Amino acid sequence: LPEHEDKYRNYLTQNIEMAYDAKSGKSLETRSEIIQGAQQSNTEQVMENVDNVDAYNEAKEGAAKFVQFLSNESSAVAHILNVENLDKNIAHHGVTVSTLATALAKRLGMVDPKQTQLLTLGALLHDFEHFHAGLDIARPLDKMTPDELRVYKEHPVAGGRRVQTKQHFDQSVISIIVQHEEYIDGRGWPQGLKESQMDPLAVIVGSANAVDRLITFEGVPRKDVAKQLMMTAVGRHPLQHLQALGEILNQATT
């Protein structure tokens, strides 16, 4: 009921704060599930309310805490990745991609907290346009009609247009939204950029997105993803990224 909203929000806040507290007495699995849900909720709030500065800032602050959580808890990445996206939710996909991107960035030696915060936030919001376009993306690309595939391939730029005039959006986040489907060899879409023309954060998110697209939307078993990436994605994404992501997935599976 409306009169209960403040109490309910306080309850949620207390649970999220507990999840970030390593001394809370709760298992890491339980804490990870709560934090995954909080990140998904933050993502949905921004996608639903693009003009809401408070929603964006809350998601940005949450992204920084998420990075710290993954950094402090070595097994948290596996727990987050093991929260299955049963309904193929776009915001859930964003959380998975942000988890993979953050873990990859750590292996690449990225330590700047501002950069990792923006990387994580951009990964959460990278499929911004899918939330609004109404296209059913929960299937392999080769199952789409030519018209559907055309709409799909335009979603990065369309998403960028939707947020580019919002002054509260960081430019790196917009770049990730616009460039996450580009390939380093210039054969991606929609602009055909090469690696030297891309935001380095977008290159990382693009690699992480390629992994979860196979799992969540293409139906490839997780144990087969690393092999398939090495067969089909070398040249599209940096080899170092693909190798590291394969190791991250293997650790999450064992």
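## Secondary structure and overall shape

The predicted model has a chain with 12 helices and zero strands. Along the sequence, the pattern is α-α-α-α-α-α-α-α-α-α-α-α. The radius of gyration is 18 Å, close to the 18 Å that the globule rule gives for 254 residues, so the chain is as compact as a globular protein of that length.

Taken along the principal axes, the C-alpha atoms fill a box of roughly 50 × 40 × 35 Å. Of the contacts between residues at least 6 apart in sequence, 69% join residues at least 24 apart.

## Burial and surface

Of the 254 residues in the chain, 51% are buried. The chain exposes about 12,600 Å², and carbon and sulfur atoms supply 47% of that area.

## Charged side chains

The chain carries 25 positive and 34 negative side chains. The centres of these two sets lie 4 Å apart. Side chains of opposite charge can pair when their charged atoms come close. A search of the whole structure finds 10 salt bridges, including those described below.

## A pair within helix 1

R9 and E5 form a salt bridge through their side chains, with an N to O distance of 2.9 Å. Both residues lie in helix 1 (residues 5-20), where they are four residues apart, about one turn of the helix.

## A pair between two loops

A salt bridge joins K166 and D51, whose closest N and O atoms are 2.7 Å apart. This pair links distant parts of the chain, 115 residues apart. K166 is in the loop between helix 8 (146-163) and helix 9 (171-179), while D51 is in the loop between helix 2 (28-48) and helix 3 (53-72). At 54% relative accessibility, D51 lies over the 50% cut-off and therefore counts as exposed.

## A network around R139

D136, R139 and E148 are linked in a network of salt bridges.

E148, at 24% relative accessibility, counts as partly exposed.

Notes. Residues are numbered from 1 along each chain as its sequence is written. This is a predicted model: local features need pLDDT of at least 70, side-chain atom pairs count only at pLDDT 80 or more; totals for chains, interfaces and linings use all residues. Side-chain values use heavy atoms; hydrogens and water are left out. The radius of gyration is taken over C-alpha atoms; the globule rule is 2.2 Å times the number of residues to the power 0.38. Buried means under 20% relative accessible area, exposed over 50%, partly exposed in between (1.4 Å probe, protein chains only). Contact means heavy atoms within 4.5 Å. Accessible areas come from the Shrake-Rupley method with a 1.4 Å probe; for residues, only the protein chains shown count as cover. Lys and Arg count as positive and Asp and Glu as negative; His and the chain ends are not counted. The place of a charge is taken as NZ of Lys, CZ of Arg, CG of Asp or CD of Glu. A salt bridge is a side-chain nitrogen of Lys or Arg within 4 Å of a carboxyl oxygen of Asp or Glu.
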